[in-house]
Amino acid sequence: MVENTEVLELGLGAEQRRRLFKFTDAGGEVVALVGERTVPVARLVAGKLRSTPLPVRLCYAGPVLSADAGRFHQRRETYQVGAELVGARGATADAEVIALAARCLEAPPASLQVDVGHAEFFQGSWTRSSCPTP
């Protein structure tokens, strides 16, 4: 639930950084409450799992918090479940993750929000031509 702000702020815009719930821990470090689970998973892969052969398949579930009251339908806390496929690319990798999501949706909970992300969007290397045609 708590991460170093330097880790959480990577890749965030000024407004997103402003909305983090921040406080100082007993050692004087500025930390923040986790607003999503992707950054801690990326840190795990880059650290403890660095020597693990790729691709790495991980899933996670846990509470997340937001200072943006409208983000979770007027709630500050919600539960995030996700899956990461690290070190695989192409249509087959995309299809694997989408198929996993589809299986999870067969028995949906009462309230559900689905977000699909792709690292290449943030690296600037995604183009319309790289998107597989149906």
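**Close-up views of the predicted chain**

View 1. Asn4 stands opposite Val31 in strand 3. The model is predicted, so local features need pLDDT of at least 70 and side-chain atom pairs count only at pLDDT 80 or more, while totals for chains, interfaces and linings use all residues. Residues are numbered from 1 along each chain as its sequence is written, and side-chain values use heavy atoms, with hydrogens and water left out. Strand 1 and strand 3 (residues 30-33) run antiparallel and are joined by three bridges. Strands are DSSP runs of E, at least two residues, and helices are runs of H or I, at least four residues, both numbered from the N terminus. The open sheet has three strands in the order 1-3-2, with antiparallel pairing; strands pair if DSSP finds at least two bridges between them. Strand 1 and strand 2 (22-24) are the edge strands, each pairing on one side only.

**View 2. Surroundings of Ala32.** Leaving aside residues up to four places away in sequence, Ala32 touches Met1, Val2, Glu3, Thr5, Leu8, Leu20, Phe21 and Lys22 (contact: heavy atoms within 4.5 Å). Ala32 also belongs to the largest nonpolar core, together with Val7, Leu8, Leu20 and Val39. Such a core is a set of buried Ala, Val, Leu, Ile, Met, Phe, Trp, Tyr and Cys residues joined through side-chain atoms within 4.5 Å.

**View 3. Packing of helix 3.** In helix 3 (residues 38-46), the buried residues are Val39, Pro40, Val41 and Val45 (buried: under 20% relative accessible area, 1.4 Å probe, protein chains only). These residues pack against strand 1 (2-4), helix 1 (5-8), strand 4 (56-65) and strand 5 (77-86).

Conventions
Buried means under 20% relative accessible area, exposed over 50%, partly exposed in between (1.4 Å probe, protein chains only).
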